[in-house]
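The points are grouped by topic.

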Amino acid sequence: MAKKYRILIIDDCKVTMAGLEAYLGEKYHILTASNGRDGIKTFEKNEKRIHLVLTDLILPDFVGGSLVSLIKNRAPGKPVIAITGWEYHPEEFESKVNADLILKKPFEMEELDQAIEKLLSVIPKKKSRPRATQKKRKQ
């Protein structure tokens, strides 16, 4: 049986976090953080086990792309999706934010799910190892 991908969600809005966790939790293992500092700590602790990061761009302790930059500097190949509620067009952020994709809130969950699948499709999924069975002793 194949393992599920693990996604770290960083967002300070409890409603957004709950919705993302409920929707994506059916398909992926979810880790969460409600601010940038906790997000970085969670990322550093679980870096090898996290396959994708989904983060808000505006957090109480991080603004703009600084959190994305920290993650990308530490793990350049790790996919990062940034989400924003700013009224500006997400395309305006692309030159400033090193995210793989920027989505403007509100977005359709199906759109997010398709983007996640596309970004994860290039990452090989590790398969669970079969459990070792005990060899029967010759009597």
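This is a predicted model: local features need pLDDT of at least 70, side-chain atom pairs count only at pLDDT 80 or more; totals for chains, interfaces and linings use all residues.

The side chain of Lys-105 forms a polar contact with the side chain of Asp-11 at 3.3 Å, and another with the side chain of Asp-56 at 3.2 Å.

**Surroundings of Lys-105**
- Lys-105 is located in the loop that runs between β5 (101-104) and α4 (109-120).
- Leaving aside residues up to four places away in sequence, Lys-105 touches Thr-16, Ile-83, Thr-84 and Gly-85 as well as Asp-11 and Asp-56.

**Packing of α1 and α4**
- The axes of helix α1 (residues 14-24) and α4 come within 11 Å of each other and cross at roughly 60 degrees.
- α1 is therefore oblique to α4.
- The crossing of these two helices, α1 and α4, is right-handed.
- From α1, Gly-19, Leu-20, Tyr-23 and Leu-24 meet Met-109, Glu-110, Leu-112, Asp-113 and Ile-116 of α4.
- By class, the residues in this contact of α1 with α4 comprise 6 nonpolar, 1 polar and 2 charged.

**Lys-72 in α3**
- Helix α3 (residues 66-74) contains Lys-72.
- Is Lys-72 buried or exposed? With a relative accessible area of 7%, Lys-72 is buried, because the cut-off for that class is under 20%.
- A polar atom of the Lys-72 side chain lies 2.7 Å from the backbone oxygen of Lys-78.
- Not counting residues up to four places away in sequence, Lys-72 touches Lys-78, Pro-79, Val-80, Asn-98 and Asp-100.

How values were computed:
Residues are numbered from 1 along each chain as its sequence is written. Side-chain values use heavy atoms; hydrogens and water are left out. Helices (H or I, at least four residues) and strands (E, at least two) are DSSP runs, numbered from the N terminus. A polar contact is a pair of N or O atoms within 3.5 Å; within protein, one must be able to donate a hydrogen and the other to accept it, and residues adjacent in sequence count only if both atoms are side-chain atoms. Contact means heavy atoms within 4.5 Å. Axes are lines fitted to C-alpha atoms, for helices over the stretch in contact, and angles run from 0 to 180 degrees between N-to-C directions. Angles under 35 degrees count as roughly parallel, over 145 as roughly antiparallel, 65 to 115 as roughly perpendicular and the rest as oblique. A crossing is left-handed if the near helix is turned anticlockwise from the far one by less than a right angle, and right-handed if clockwise. Ala, Val, Leu, Ile, Met, Phe, Trp, Tyr, Cys and Pro count as nonpolar, Asp, Glu, Lys and Arg as charged, and the others, Gly among them, as polar. Buried means under 20% relative accessible area, exposed over 50%, partly exposed in between (1.4 Å probe, protein chains only).
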